[in-house]
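These notebook entries record what I looked up in the structure, in the order in which I took up each topic.

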Amino acid sequence: MSLPHAILTALLEKPSSGLELTRRFDKSIGYFWSATHQQIYRELGRLEESGLIRELPSEVPVRGQKKEYEVLPAGGAELARWVGESQDPKPMRDPLLLRIRAAGVVGPQGLGPELRRHLELHRRQLAQYEAIEEKDFPPGRDAVEDRLRRLVLHGGIALETFWLHWLEEALGEVEDMSGPGA
C-alpha cells in the first residue's frame, strides 16, 4: 500500500509526469522505496481512477506529450490519513542473511567474496547519502519539511553504517573460519 503514498508525496512536492517521477524515485525516494517505471505508471492510472490525482490540463495538446499529474484534495486527505495510521514494521527479508544461515549447514566456502562485494556496495551507498546531506542540507535549513527529509536521510545513513559494521564482523568471522581468501 505504500507505493501510492510515495507517489502522492512526490506529486505534492511537485506536479510531475510519470517519467519525471521515475527519475525522482531514482534520485531520492528510491533510496528508501524503490519502484519500476511500469509500477509507477500503473499506480498513476489507479490513483487517477480513484480520484486522488488528475492529469494537469495541457495548454497545447500535442500527440505523445507527457502527461503531468497533480494531487487532488482527496489525495492530500488520503496521504494525511495514511501518515497518521498505525503500521507494524515489516520483517526483514535479505537473501544475504539467508545465504549466511545456509552456510551454517553447507560451509562458508565462497562466502567471503560476496561479503566483500556487499561491503563495497554499502560503502558506496553511504557515500551517496553523505553527499546528498552535504549538498541538500546545509546548516540553517530548518524548515519542517527539510528537517523531516533530513531525518529520513539520517535513517539511511544509520542503516548503511550498521551494515558496514555488521559486514566487517561477518567477513572477519568467515575469514577466521576459512582463511583470508575465502
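**Entry 1: a glutamate in a helix**

I began with E43, which lies in helix α3. The model is a predicted one, and I read each entry with that in mind. Is E43 buried or exposed? I noted a relative accessible area of 10% for E43; the cut-off for buried is under 20%, so E43 counts as buried. I then looked for a partner of this side chain. The side chain of E43 makes a polar contact with that of R46, at 3.1 Å.

**Entry 2: the sheet**

I next traced the strands. How many strands form the sheet, and in what order? The open sheet is formed by 3 strands, ordered β1-β3-β2, with antiparallel pairing. β1 and β2 are the edge strands, since each of them pairs on one side only.

I went through the pairings one at a time. Strand β1 (residues 16–17) runs antiparallel to β3 and is joined to it by 2 bridges. In this pairing I found S16 opposite Y69 of β3. Strand β2 (residues 53–55) is also antiparallel to β3, and 3 bridges join the two. Here I53 stands opposite V71 in β3.

I then followed the side chains along strand β3 (residues 68–71), and they alternate. Y69 and V71 point to one face and are buried.

Which residues make the nonpolar patch of about 300 Å²? I recorded F32, W33 and V152. F32 is found in the loop between α2 (18–27) and α3 (37–49); α3 is also the helix that holds E43. Why does F32 count as exposed? Its relative accessibility is 52%, and exposed means over 50%, so F32 falls in that class.

**Entry 3: confidence**

Last, I checked the confidence of the prediction. The chain averages a pLDDT of 89, and 93% of the residues score at least 70. Where in the chain is confidence lowest, and where is it highest? The lowest mean, 84, belongs to α2, and the highest, 95, to helix α4 (residues 73–83).

Methods. Residues are numbered from 1 along each chain as its sequence is written. This is a predicted model: local features need pLDDT of at least 70, side-chain atom pairs count only at pLDDT 80 or more; totals for chains, interfaces and linings use all residues. Side-chain values use heavy atoms; hydrogens and water are left out. Patches are made of residues with over 30% relative accessible area and no salt bridge: like charges are joined within 9 Å, nonpolar side chains (Val, Leu, Ile, Met, Phe, Trp, Tyr) within 5 Å. Accessible areas come from the Shrake-Rupley method with a 1.4 Å probe; for residues, only the protein chains shown count as cover. A salt bridge is a side-chain nitrogen of Lys or Arg within 4 Å of a carboxyl oxygen of Asp or Glu. Helices (H or I, at least four residues) and strands (E, at least two) are DSSP runs, numbered from the N terminus. Buried means under 20% relative accessible area, exposed over 50%, partly exposed in between (1.4 Å probe, protein chains only). pLDDT is the predictor's confidence in each residue, from 0 to 100. Two strands pair if DSSP finds at least two bridges between them. A polar contact is a pair of N or O atoms within 3.5 Å; within protein, one must be able to donate a hydrogen and the other to accept it, and residues adjacent in sequence count only if both atoms are side-chain atoms.
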